[in-house]
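Let's take a friendly walk through a protein model. Have the viewer open as you read.

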Amino acid sequence: MDITLIPQVLQDLQEAGLTQSEIGDAIGCSQSTISDMMTGKSGLTRPSYKIISGLEVLAKKHGVATDPDPAPSR
């Protein structure tokens, strides 16, 4: 997962019905860490493997994309 997509993945997970607390519990961090990552305050420079892999698993479970949209074909 491209770490620049973390805020969007978190937003998409919330739109899928999860709270910040539920996301944090699922990936092993606090609600405040999720909030900070969503707003760009922290966690985006060098997120842990645990956070990245947890987000990938959670996103897949809820049908949330973790890859950027492909470039339109010409």
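The paragraphs below go from confidence to helix packing, then to the core and a few residues.

This is a predicted model, in which local features need pLDDT of at least 70 and side-chain atom pairs count only at pLDDT 80 or more, while totals for chains, interfaces and linings use all residues. Residues are numbered from 1 along each chain as its sequence is written, and side-chain values use heavy atoms, with hydrogens and water left out. The mean pLDDT (the predictor's confidence in each residue, from 0 to 100) is 87, and 89% of the residues reach 70 or more. Where pLDDT is low, the predicted coordinates should not be read in detail.

Now look at helix H2 (residues 20–27) and helix H3 (residues 31–39), which pack at an angle of about 105° with their axes 8 Å apart. Helices here are DSSP runs of H or I with at least four residues, numbered from the N terminus. Axes are lines fitted to C-alpha atoms over the stretch in contact, and angles run from 0 to 180 degrees between N-to-C directions. H2 and H3 are therefore roughly perpendicular to each other, a label for angles of 65 to 115 degrees. From H2, the contact (heavy atoms within 4.5 Å) uses Gln 20, Ser 21, Ile 23, Gly 24 and Ile 27, and H3 answers with Gln 31, Ile 34, Ser 35 and Met 38.

Beyond its neighbours within four places in sequence, Gln 20 contacts Gln 14, Gln 31, Ile 34, Ser 35 and Met 38.

The largest nonpolar core has 18 residues, and Leu 10, Leu 13, Ile 23, Ile 27, Ile 34 and Leu 55 have the most contacts inside it. Such a core is a set of buried Ala, Val, Leu, Ile, Met, Phe, Trp, Tyr and Cys residues joined through side-chain atoms within 4.5 Å. Helix H1 (6–15), H2, H3 and H4 each give two or more residues to this core, and H4 gives the most, with five. Leaving aside neighbours within four places in sequence, Ile 27 touches Ile 34, Lys 50, Ile 51, Gly 54, Leu 55 and Leu 58.

Finally, His 62 sits in the segment after helix H4 (49–61). His 62 counts as partly exposed because its relative accessibility is 31%. Not counting residues up to four places away in sequence, His 62 touches Leu 13, Ala 16 and Leu 18.

Definitions and conventions: Angles under 35 degrees count as roughly parallel, over 145 as roughly antiparallel, 65 to 115 as roughly perpendicular and the rest as oblique. Buried means under 20% relative accessible area, exposed over 50%, partly exposed in between (1.4 Å probe, protein chains only).
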